[in-house]
Amino acid sequence: MCGVGPNRRLVHAANSPLAAVLEALPRVSQSRAPVLVTGESGTGKEGIARLVHELAPWSRGPFVPVNCGAIPTTLLESELFGHVRGAFTGADRNRVGRFEAASGGTLFLDEIGETPLELQVKLLRVLQDRVFVPVGGSTPKSADVRIVAATNVDVIDAVKRGRFREDLFFRLDVIRIELPALRDRPMDIPILAQHFIALHAASNLSNVDAISDEAVDELTRHAWPGNVRELENVIQGILVLKESGRIEADDVRAKLGLRSGASLARGVAGSGALSASQAARYGGATSHAARSAPAVNLPAEGLSLKETLDRLERDYIQEALTRANGNRAQAASLLGLNRTTLVEKLRRMSEAAHPPGGLRRRAHDTLGSDGQAELALDLLESLTQ
Ligand SMILES: Nc1ncnc2c1ncn2[C@@H]1O[C@H](COP(=O)(O)OP(=O)(O)O)[C@@H](O)[C@H]1O
Ligand SMILES: [Mg+2]
């Protein structure tokens with residue numbers, strides 16, 4: 001365990017891949033070389049960045065985070081480098097940017113992969129020359145900061161596709177820290193669950209202080225597309241409802257069952273797994289598109305929310321079944337569902353589309369009900385709807 005802020009610690013099991021990552025941090029933190037933290041959303045990238053700062057000789061200096069993906073392009077330059085009075089309409093005084101604010105400390109550039117190309121050039125210049133010029137200014141200022149950048153997109157892929165400058169990537173990728181997804185370190189789930197119970201029980205007016213082995217097993221079966229953040233939210237959600245005792249498997253099942261749709265939309269869409277046509281249909285659900293356009297596409301004449309959500313659910317289920325080659329247990333795990341929940345959903349979808357006596361009944365009679373036949377039917381049904 002290591003400290004990140006007063007009540008924030010990064011916890012892990014002794015045999016977790018995270019242990020090796022943390023072991024290297026004290027050494028990494030001594031250097032001024034840029035650090036690039038990669039990992040899916042919710043894996044703890046910001047936590048690691050803070051730790052790199054806290055372990056550094058300049059830990060008394062500021063730690064300044066900037067979310068490069070959340071700030072509109074037009075504002076990001078002034079946010080990073082500041083501006084001088086009169087630089088643009090509304091700039092009625094000088095403004096200190098984050099580079100200057102982080103002077104003598106650490107500047108955390110979060111979601112660096114989302115930085116617009118024109119700003120990437122300017123960042124590259126700062127990294128090369130260690131100076132920057134505020135917007136509208138002419139005097140360079142020195143950038144005395146340690147840079148830690150984080151990205152949840154595959155930057156290497158972005159570099160190949162020309163969305164991220166290769167030269168900037170090499171400047172940032174001096175020390176790489178790769179955080180594994182939670183599904184690849186299930187040994188951390190028990191200690192993380194216990195940690196979040198201890199962290200959040202009191203503020204949720206709950207006396208819960210433990211979790212049963214069965215509940216942990218249930219947690220371990222989930223795919224965690226939102227990683228540790230999602231686990232933290234699930235535990236917190238359970239604590240809100242439960243006053244005392246320990247967390248049981250039923251609490252976990254109820255919580256995961258209720259929120260499986262939402263976690264799927266975030267997880268799968270966020271990782272870019274939605275096909276282009278699906279993304280277009282749901283109004284650009286990829287993380288990048290969602291920022292530049294409204295997250296959803298609500299027609300002027302309105303829509304039926306139920307039908308839209310049903311269609312979204314059907315598409316995800318179909319995609320998961322295709323990827324899992326018709327294996328329902330695997331498809332269920334991809335969707336963060338119990339197998340029985342998925343089977344039940346398929347049964348309901350099938351009944352809605354084809355009342356008893358319809359296609360599925362006839363196909364069953366001729367083909368039997370093995371996995372491949374079921375997959376063929378699932379796909380056929382979704383095509384004929
Ligand atoms: N190993 C860990 N131990 C305890 N809490 C963690 C751990 N990893 C992540 N968290 C918590 O999960 C949440 C998401 O972590 P964060 O660092 O913001 O992830 P990211 O930046 O990769 O999206 C935060 O509340 C963080 O404190
Ligand atoms: Mg983050």
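Why is H2 largely enclosed by the rest of the structure? Seven of its ten residues are buried, so the rest of the structure largely encloses it. Buried here means 20 or more other C-beta atoms within 10 Å of the residue's own, with C-beta atoms placed from the backbone. The seven are Lys45, Ile48, Ala49, Arg50, Leu51, Val52 and His53.

Some ground rules. This is a predicted model: local features need pLDDT of at least 70, side-chain atom pairs count only at pLDDT 80 or more, and totals for chains, interfaces and linings use all residues. Residues are numbered from 1 along each chain as its sequence is written, while chains are lettered from A and ligands numbered from 1 in the order in which they are written.

Now ligand 1. Its shell holds 17 residues; Gly44, Lys45, Glu46, Val228 and Arg229 are the closest. The cut-off is a backbone-placed C-beta atom within 6 Å of the molecule. H2 (45–54), H8 (189–200) and H10 (227–241) each supply at least two shell residues. Helices are DSSP runs of H or I, at least four residues, and strands are runs of E, at least two, numbered from the N terminus. Domain 1 (2–180) and domain 2 (183–270) both contribute, so the ligand lies between them. Those bounds come from an automatic or database domain assignment.

Next, H8. Ile189, Leu192, Ala193, His195, Phe196 and Ile197 are buried there. The buried residues of H8 pack against strand S10 (210–211), helix H9 (213–221) and H10. Contact means C-beta atoms, placed from the backbone, within 7 Å.

Finally, the whole protein. Of its 385 residues, 34% count as buried. The secondary structure comes to 18 helices and eleven strands.

Note on methods:
Buried ≥ 20, exposed ≤ 12 C-beta atoms within 10 Å, placed from the backbone. Contact = placed C-beta atoms within 7 Å.
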